[in-house]
Amino acid sequence: MDRFKNKVALITGSSQGIGAACALKLASEGCNVILNGHKFDERGEKLIAQIEKMGQKAVFLAADLSKAKEAIKLVNDAVKEFGQLDILINNAGVEKKADFWEVTEEDYDLVMDTNLKGVFFGIQSFVNYCRKHKIAGTVINMSSVHEEIVFPHFAAYCASKGGLRMLTRNLATELAPFNIRINNVAPGAVSTPINQDLLEDKKQLEKVLQNIPLKRMGKVEEVANVVAFLASNEAAYVTGSTYFVDGGLTYHYEEQ
Ligand code: NAI
């Protein structure tokens, strides 16, 4: 398939995990890709080599997306790299575990600034570019099942992803007149470094799997497949939605 021939995508937080899988998936279908993370290292180098081997172009732009200024600059710099930008995938995200009564302002700010504020202003910058050049851009936000279901001890994370849910619903209406689509992808439990502690704790992992109807963790490629669909023209009539990639976790029912 060549769904992304002559398209350019910016994927934030794409050195590893779900973001890296999205970059590889889009590139495998003809997309040129701008990768991002805090800093360029051997993971970015390896990804660029893989993407170039597929015949596509890739560059890495370092930026700290918890800072609105850097999020705005990243989008502007991304446009300059290949002279266009069609797809924005806001994937970078962080979580901090703590009992609610012990959450520090520093951790609250880090989670909210990365997962919501940076995303907000990155989208604003992309929308300004799309409007100026009359581009039917598309935005995909990496949300979480926790835009919908609770996650005790992760209050700030849930607030950030819940905020992302309403941001997407709101912008879908506001941006539709410009033919800009925006959707969320909400992964459940996916095997990535963010879940390292869980993957190493057999007992806890077993408990988590019991709540997942498909009885396994998700794979990064399975999230990337849905992202690619939403980014493509096949989803031309989809905006303001959340697509859950969760093995049935969010709306599961335990038969007694
Ligand atoms: P990960 O931790 O493997 O990757 C996240 C990437 O974002 C890392 O490369 C990290 O360096 C980058 N990043 C974090 N803060 C950044 C910042 N301020 N500026 C630039 N880059 C930054 O995580 P994973 O699992 O791939 O998660 C990706 C997204 O998917 C996140 O938004 C996460 O909340 C979401 N998600 C993941 C789930 C999972 O089970 N893995 C479940 C639900 C949602």
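Contact here means heavy atoms within 4.5 Å. With that in hand, residues 24 or more positions apart account for 71% of the contacts in the protein chain with a separation of 6 or more. This is a predicted model, in which local features need pLDDT of at least 70 and side-chain atom pairs count only at pLDDT 80 or more, while totals for chains, interfaces and linings use all residues. Residues are numbered from 1 along each chain as its sequence is written, and side-chain values use heavy atoms, leaving out hydrogens and water.

Let's go inside. Of the 256 residues in the protein chain, 50% are buried, that is, under 20% relative accessible area with a 1.4 Å probe, counting protein chains only. A nonpolar core is a set of buried Ala, Val, Leu, Ile, Met, Phe, Trp, Tyr and Cys residues joined through side-chain atoms within 4.5 Å. The largest such core has 35 residues, and among the members touching the most others are Leu26, Leu35, Ile87 and Val223. Elements giving two or more residues to this core include β1 (8-11), β5 (138-142) and α8 (220-231); helices (H or I, at least four residues) and strands (E, at least two) are DSSP runs, numbered from the N terminus. The most comes from α8, with eight residues.

Take a look at Val223. Beyond its neighbours within four places in sequence, Val223 is in contact with Ile18, Met142, Val185, Pro187, Val190 and Val245. A second, separate core of 33 residues includes Val75, Leu116, Phe126 and Ile180.

Finally, turn to Val103, which sits in the loop between β4 and α4 (105-133). Val103 has 32% relative accessibility, so it counts as partly exposed, the class between 20% and 50%.
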